[in-house]
Amino acid sequence: MRDVLYLEEREQAEALLKPQRIEVLRQLAEPRTCTEIAARLEQTPQRVYYHVKQLVAAGLAEQVAERRVRGISEGIYQAAARSYWLSPRLVGRIGGARRAQDELSLGYLLDLMEEVQADIAALDRTAPELPSIGVSGEIRVPAERRQEFLHDLQSTLRDLFTRYGGAEGDAFKLAVACYPKGDNDE
């Protein structure tokens, strides 16, 4: 079972985004038969089997074993991943599909986050070492100093790219996001 499965296909999203299938998929965190899932969800095995087959066809679950029960083969299924990331591309942009190129726009930030999400999902999590760093914090900037702050941030990043941007060594991707914090303090 993978840690994360990144969903980019519309058919995968359609298979996943049904309340009944989400419940079935939760039950498949551990290998189970359709009969076992049906008992837990108080559904018929046939109904659960239908949803499991849809999940398997979409690559969201897989048959991991088979056993004979009273002369009948019964599949044992498991979810393909612990969590699923839905590509923002599947939802689209509100207000038009135009890709913003302005580095200071929220549209560009959304595109950047999608790129980071896809890159992380593609990493080989079985690799012995995945050198990475994640930093998050809050900075308070008075309105009259916003442009100065953004300029300083861009200059600092340009300096890093210039200093470490040679052709030798391991390649790392650096993505920095700066956006207004919402009103929620949760």
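This is a predicted model: local features need pLDDT of at least 70, side-chain atom pairs count only at pLDDT 80 or more; totals for chains, interfaces and linings use all residues.
Q: Two strands pair if DSSP finds at least two bridges between them; what makes E2 and E4 a pair?
A: E2 and E4 are joined by 2 bridges, and the criterion asks for at least two; the two strands therefore count as paired. Their direction is antiparallel. Within this pair, Arg-32 stands opposite Tyr-77 in E4.

Q: What makes up the protein chain, and in which order do the elements run?
A: The chain holds 7 helices and 5 strands, where helices are DSSP runs of H or I with at least four residues and strands are runs of E with at least two, numbered from the N terminus. From the N terminus on, the order is β-α-α-β-α-α-β-β-β-α-α-α.

Q: What makes E3 and E4 a pair, and which residues are bridge partners?
A: DSSP joins E3 to E4 by 8 bridges, and these strands run antiparallel. The hairpin of E3 and E4 has 2 residues between the strands.

Q: Why is one side of E2 and of E3 left without a neighbour in the sheet?
A: The open sheet consists of 3 strands in the order E2-E4-E3, with antiparallel pairing. Strand E2 (32–33) and E3 stand at its edges with a single partner strand each, so one side of each has no neighbour in the sheet.

Q: Why is Thr-33 called buried?
A: Thr-33, which lies in strand E2, has a relative accessible area of 1%. Buried means under 20%, exposed over 50%, and partly exposed in between, with a 1.4 Å probe and protein chains only; Thr-33 is therefore buried. Leaving aside neighbours within four places in sequence, Thr-33 is in contact (heavy atoms within 4.5 Å) with Arg-67, Glu-74, Gly-75 and Ile-76.

Q: Why is Glu-23 called partly exposed?
A: Glu-23, in helix H2, has a relative accessible area of 32%. Glu-23 and His-51 are 28 residues apart in sequence and 10.0 Å apart in space, C-alpha to C-alpha.

Q: What makes the buried residues of H4 line one face?
A: Val-48, His-51, Val-52 and Leu-55 are buried in H4. Seen down the axis, they fall within an arc of 100°, so they line one face of the helix; the arc is that of the directions from the helix axis to the C-beta atoms. The face turned away from the buried side carries the exposed residues Gln-46 and Ala-57. The cover of the buried residues includes helix H1 (10–16), helix H2 (19–27), helix H3 (34–41), strand E3 (61–69) and strand E4 (72–79).

Q: What puts the buried residues of H3 on the same side?
A: The buried residues of H3 are Cys-34, Ile-37, Ala-38 and Leu-41. They cover an arc of only 100° around the axis, which puts them on the same side of H3. They pack against H2, E2, H4 and E4, whereas the exposed residues Ala-39 and Arg-40 sit on the face turned away.

Q: Why do Glu-42 and Arg-70 count as exposed?
A: Glu-42, in the loop between H3 and H4, has 73% relative accessibility and so counts as exposed. Arg-70, in the loop between E3 and E4, reaches 81% and therefore counts as exposed as well. Although not a glycine, Glu-42 has a positive phi of about 55°; Arg-70, also not a glycine, has a positive phi of about 50°.

Methods. Residues are numbered from 1 along each chain as its sequence is written. Side-chain values use heavy atoms; hydrogens and water are left out.
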